[in-house]
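User: Could we go through the side-chain contacts and the sheet in this model? I would like the cut-offs stated as we go.

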Amino acid sequence: MRRRTLLKHAGALPIGATLPAGEEARAAAEPFRRVRPSDPAWPSPSAWQSLNDATGGSLFRVESPLAACESAPASTACEAVFRALKNPYATGDTPALTQTTGWADAWISEPSAYAVKVRNTADVVAAVNFAREHRLRLVVKGGGHSYQGTSNAADSLLIWTRALDAIALHDAFVGVGCSQAPQTAVSVGSGNIWFHVYDAVMTRAGRYVQGGGCATVGVAGLVQGGGFGSFSKRFGIAGASLLEAEIVTADGAVRIANDCTEPDLFWALKGGGGGTFGVVTRLTLRTHALPDTLGGAFGVVAAPSDDAFRRLLERFVGFYADALFNPSWGETVAVGSGNRLGVSMVFQGMDQAAAERVWAPFLDWVHAAPGDFTITEPFRIFGLPGRRFWDASWLRANVPGLVISDDRPGAPEGDVFWAGNLGEAGWFIHAYDSRWLPASLLRPDGRTRLADALFAASRQWRVGLHTNKGLAGAPPEAIEAAGRTPMNPAVQEAFALAIIASGGPPARPGIAGHEPDLARARAEATRIGAAMTEMQKVADGGSYVSETNYFNPAWRESYWGPNYPRLRAVKDRYDPGGLFFVHHGVGSEDWSADGFTRVA
């Protein structure tokens, strides 16, 4: 942004001023409070200009595309904005927007006052120092997928990492200060999304890196949350694959964190939550041999009666325990209130014929009782070469409908996302909750209890069993590696994460025709709460920090269990002033809900 334009925008805000002598004593006695644009202490135009100069002209005033809707909600321009909210590439490329537009009675996506589109680590340092020195609310946006609203905040300074997108493969990586055996790895800038990393590592290099199942999720946020992907049952969590990170901490220092240098900080970054301990600028992740074949199994079975559905659930629980509870299988099974069992699973390490043999006994059992069960969506089981699973051109040509392309003019041909994630693009959350399901429920004496809980919960709302989120059944080394992260130890003993959630289309209060349906949202939240109450009768082992209830009152115990005190000690050491605040993040108990006022 040119100097004149920047000063014009900054001049529209109150400029900095020195407090009168009598006010200083009063201010000293009050809780620490971050400044807003309406406060006298808000940075002056010349101060903002100094940040712009320090970052090579990368500072800009954030303007929301939704402003076009405020005066003309029925206009063509406004409709175009709401269409763009269904494109995760468009929201990722727009600093004022986030993947989720809000959550009923919780938060609304709001643009920051200013943003720095950081180009390098030095820009991050300048922005961090500026925010600390001027008592600003600081926000970090990478992929912008946070369900908790952590990548946006009104009246804040945004560090936007989208341009930190370098990717480099290593045949023999050794961390700084370390002497371990070299490992194959990939270093990625923190602004990357997973599909771009998968293209470089899997499609082009023929290796495997553990990332997220949703291809447009940001790399840094997923890793710092622990990070589950479609094949975590085989390769573990993404956080456990982290070998090294470059991070800018609250004091403006650039630190290298690995097992040998800053080991406590490194441990915290492997699942202690994104945006909490500093701004990660680069991550180096372990890579693995790519399976020859990857594939999926999709289909839906319905039952005409409650009695038949109970039997279907119990049969499937046993089938899962005997045939699918292993490193080969992952992803989702949906138990619906319409007496429907939906399968959207993936596999690795076997060919299509082998996968079909795995499913044959269950499908034969279903077919043998046509009066009790109907296959409403025919089962499709397919395998494909590992290097083609994230190959955009190959997928479009050979598996029509599986991916959706970025539809903006001039968009790169390889920018696609899974069609199954379309519902989450721009959605407004009505309610959301999750619980780890212990593997003990898969033992013969636990299967009926699990089936009964699923049936009772499904009377209220659909339950998703994310079988790749939970490491029971994974190889011992993957489970042990998760134990060296701060995640709740329940993760190691869980066979799945039960998620119960609902949402609506992109929404914005005050924009006619696009306002959230709060009456519906609250009614659904009540039913989802009742459904989760049924699941809690068999599962009380906590929740997953990246996919959880915004209103979780026991968030410290749920997300991190006995690891929280150590995480808090790391937070106090590297960010004693609480510069980095996120909702229900480590240390957030010291702050008001909006992160502006220290309350403890």
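**Charges, rings and strands**

Analyst: To begin, Arg 556 lies over the face of Trp 555, at 5.1 Å from the ring centre. A charge counts as sitting over a ring if NZ of Lys or CZ of Arg is within 6 Å of the ring centre and within 35 degrees of the ring normal. This is a predicted model, in which local features need pLDDT of at least 70 and side-chain atom pairs count only at pLDDT 80 or more, while totals for chains, interfaces and linings use all residues. Residues are numbered from 1 along each chain as its sequence is written, and side-chain values use heavy atoms, with hydrogens and water left out.

User: Which residues are linked with Arg 556 in a network of salt bridges?

Analyst: The network links Arg 556 with Arg 568, Asp 572, Glu 589, Asp 590 and Arg 598. A salt bridge here is a side-chain nitrogen of Lys or Arg within 4 Å of a carboxyl oxygen of Asp or Glu.

User: How many salt bridges does this rule give?

Analyst: The count comes to 34. One of them joins the side chains of Arg 408 and Asp 93, at 2.8 Å from N to O. This pair links distant parts of the chain, 315 residues apart: Arg 408 is in the loop between strand E17 (403–405) and strand E18 (416–418), and Asp 93 is in the loop between helix H6 (88–92) and strand E2 (102–103). Helices (H or I, at least four residues) and strands (E, at least two) are DSSP runs, numbered from the N terminus.

User: Which other partner does Arg 408 have, and is that Asp buried or exposed?

Analyst: Arg 408 also meets Asp 406 in a salt bridge, again with 2.8 Å from N to O. Asp 406 is buried, at 7% relative accessible area, whereas Arg 408 is partly exposed at 30% and Asp 93 is partly exposed at 34%. Buried means under 20% relative accessible area, exposed over 50%, and partly exposed in between (1.4 Å probe, protein chains only).

User: Changing topic: what is the strand order in the open sheet of four strands?

Analyst: The order is E1-E4-E6-E5, with mixed pairing. Strand E1 (59–61) and strand E5 (137–141) are the edge strands, each pairing on one side only. The twist averages 25 degrees from one strand to the next. Two strands pair if DSSP finds at least two bridges between them.

User: In which sense do E1 and E4 pair?

Analyst: E1 and strand E4 (residues 114–117) pair in the antiparallel sense, over three bridges. Leu 59 has Val 116 in E4 as its bridge partner.

User: Which strands does helix H3 lie across?

Analyst: Helix H3 (residues 45–54) lies across E1, E4 and strand E6 (156–160), at about 135 degrees to E1. Helix H7 (residues 121–133) lies across E4, E5 and E6, at about 165 degrees to E6. Contact means heavy atoms within 4.5 Å. Axes are lines fitted to C-alpha atoms, for helices over the stretch in contact, and angles run from 0 to 180 degrees between N-to-C directions.

User: What aromatic pair do Trp 48 and Phe 130 form?

Analyst: Their pair is tilted, with 5.0 Å centre to centre and 45 degrees between the planes. Trp 48 lies in helix H3 and Phe 130 in helix H7, so the pair ties together parts that are 82 residues apart in sequence. Both Trp 48 and Phe 130 are buried. Rings of Phe, Tyr and Trp (its six-membered ring) pair if their centres lie within 6.5 Å; planes under 30 degrees apart count as stacked, over 60 as edge-to-face and the rest as tilted.
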